2 protein chains.
Amino acid sequence: MSLPRAALRLVSADAAPALRGAALKIACSNCSLREFCLPAGLTEAEFAGIDKLVTGRRKVRRGSALFCSNDPFHALYAIRTGVFKTRVSASDGRDQVTGFQISGEILGMDGIVNQVHYCDAVALEDAEVCVMPFDRVAELSRSVSALQHHVHRVMSREIVRENSVMLLLGSMRAEERLAAFLLNLAQRLHARGFSRSEMVLRMTRQEIGSYLGLQLETVSRTFSRFAEDGLIEVNQRKVRILYPEALRRILQQPPDCL
Amino acid sequence: MSLPRAALRLVSADAAPALRGAALKIACSNCSLREFCLPAGLTEAEFAGIDKLVTGRRKVRRGSALFCSNDPFHALYAIRTGVFKTRVSASDGRDQVTGFQISGEILGMDGIVNQVHYCDAVALEDAEVCVMPFDRVAELSRSVSALQHHVHRVMSREIVRENSVMLLLGSMRAEERLAAFLLNLAQRLHARGFSRSEMVLRMTRQEIGSYLGLQLETVSRTFSRFAEDGLIEVNQRKVRILYPEALRRILQQPPDCL
DNA sequence: CGCGGTGTTGAAAATTGTCAATAATTGTGG
DNA sequence: CCACAATTATTGACAATTTTCAACACCGCG
């Protein structure tokens with residue numbers, strides 16, 4: 001376990017105002033999440049600029065917020081470690097989880113329009129993010145068109161993601177929603193090198209329910225039904241997908257297919 | 001009323017292939033929708049560049065698509081006249097209306113990520129849009145930072161809008177959904193100079209239902225209930241809001257307030 | 001004038017929500 | 001390290017909203 005210890009030292013060094021080498025400080029160029037956060041095919045010179053995008057890292061303890069609704073907006077955040085949820089609240093206190101974000105994904109784009117955040121971003125486990133002040137992002141994208149295009153793509157991807165959540169919320173039944181949730185999460189974890197079939201959920205049934213527009217009891221029951229039918233194994237937060245094709249089939253069945 | 005007549009002549013001139021002055025062709029600087037489509041506070045010189053953003057206009061007949069899912073992406077579209085719906089489809093044919101767009105609003109941002117459109121944009125009445133090839137938008141925003149910021153804002157605004165639709169779909173009951181729909185549409189129409197209370201819906205009950213995650217019968221019944229309660233007057237597509245405060249109150253009531 | 005698409009309304013069915021009780025797990029403090 | 005409290009998860013019974021199916025009315029257009 002020497003590597004984590006080194007990482008820890010690096011992090012605590014980050015916090016200190018005086019630093020030896022800027023390259024060591026925060027090196028996107030060496031980051032294993034590069035392919036998720038950054039555009040591909042940058043030149044050396046462009047990388048040098050990009051490395052200056054990230055002005056620091058920030059740790060967020062489980063349960064606390066990276067930012068909240070109405071907080072002033074000044075930066076985008078790239079998740080290094082940990083899982084977040086984003087949520088919006090109605091005036092009467094009801095809230096809606098709008099997404100779960102994992103390493104390599106970007107948080108904060110909701111703040112650009114009004115220079116104020118619209119949602120809360122809460123860590124579901126101890127997490128760390130890279131802070132990218134948005135004025136730097138904007139400035140650098142004026143000269144590095146690969147970065148410009150990347151910013152456009154990341155925002156467009158979020159629009160498309162939300163489109164598909166709207167499809168889920170607007171026209172799927174409980175089983176379909178949960179199947180879509182599990183397949184999507186497994187796919188994103190797998191892209192990051194985790195198991196294709198096993199996962200440990202970092203969110204509660206209530207949070208899953210909020211995201212899927214269901215009550216927590218319905219989520220729990222649907223998990224149980226999937227388990228009974230042999231599609232998955234569930235033990236609290238530990239989920240193993242046994243028959244991904246069956247889950248995919250649930251998604252594609254119109255409601256009147258018995 | 002000499003201005004409108006001039007505008008009309010301008011429009012018909014646009015249709016002709018041979019044009020005298022490019023400045024006359026498509027003049028964002030003179031467009032009454034400027035405040036919706038474009039950044040505020042541009043210099044003369046910047047306007048000159050912006051006017052070159054729009055390469056042409058395109059008419060879309062009622063019922064036909066401006067673009068469809070899987071169409072190659074190359075432009076954003078600013079709506080001049082008419083109302084559109086956007087919709088996404090599941091593999092089994094079910095579809096979900098993801099939004100209704102009116103004059104001054106921007107279509108096509110879903111296409112940026114994969115250079116292919118993710119949704120369909122269908123005109124609900126005869127419509128006309130300004131075509132803004134995206135590579136021009138990108139290039140010009142590298143030099144005109146007000147435009148760059150505007151593009152970021154428009155995309156962020158769409159992310160925020162979809163967030164609030166997720167809240168609607170995930171945690172509101174039928175009455176709340178319809179109230180939110182009516183208030184939102186009325187507000188957008190009013191910002192464009194239409195009546196605050198009277199409107200003619202361009203979409204069917206089915207389309208409203210799809211957008212709100214409800215069946216068309218539920219939409220119809222909820223309209224009738226609002227009318228019975230004196231909140232609105234409904235006659236087919238003609239709707240008049242009588243007590244906007246009551247509609248707003250419906251939105252803010254938690255479901256267990258009787 | 002009639003036809004097709006659209007809208008309204010009723011009755012019954014079904015999915016999901018609500019309430020409640022219990023079990024399992026996690027975190028905390030002694 | 002154990003025990004207790006608090007949070008989270010599961011399951012059942014019942015209620016409620018919404019969907020489904022069906023019949024009919026309305027409107028606009030050819």
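**Helix H7 of chain B**

I listed the buried residues of H7(B) and found B:Glu175, B:Glu176, B:Arg177, B:Leu178, B:Ala179, B:Ala180, B:Phe181, B:Leu182, B:Leu185 and B:Ala186, where buried means that 20 or more other C-beta atoms, placed from the backbone, lie within 10 Å of the residue's own. I note that this is a predicted model, in which local features need pLDDT of at least 70 and side-chain atom pairs count only at pLDDT 80 or more, while totals for chains, interfaces and linings use all residues. Residues are numbered from 1 along each chain as its sequence is written, and chains are lettered from A and ligands numbered from 1 in the order in which they are written.

I took helices as DSSP runs of H or I with at least four residues, and strands as E runs of at least two, numbered from the N terminus. H7(B) covers residues 174–191, and its 18 residues reach 26 Å from first C-alpha to last, close to the 26 Å expected at 1.5 Å times one less than the number of residues. After H7(B) I found B:Gly193, with a positive phi near 95°.

**DNA strand C**

I counted as near any residue whose C-beta atom, placed from the backbone, lies within 6 Å of the strand. Of the 20 residues around DNA strand C, those that come nearest are A:Arg173, A:Thr218, B:Thr204, B:Ser220 and B:Ser224. H9(B) gives the most to this surface, with 6 residues.

**Domains of chain A**

I read domain 1 as 2–167 and domain 2 as 173–252, with bounds from an automatic or database domain assignment.

Definitions and conventions:
Buried ≥ 20, exposed ≤ 12 C-beta atoms within 10 Å, placed from the backbone.
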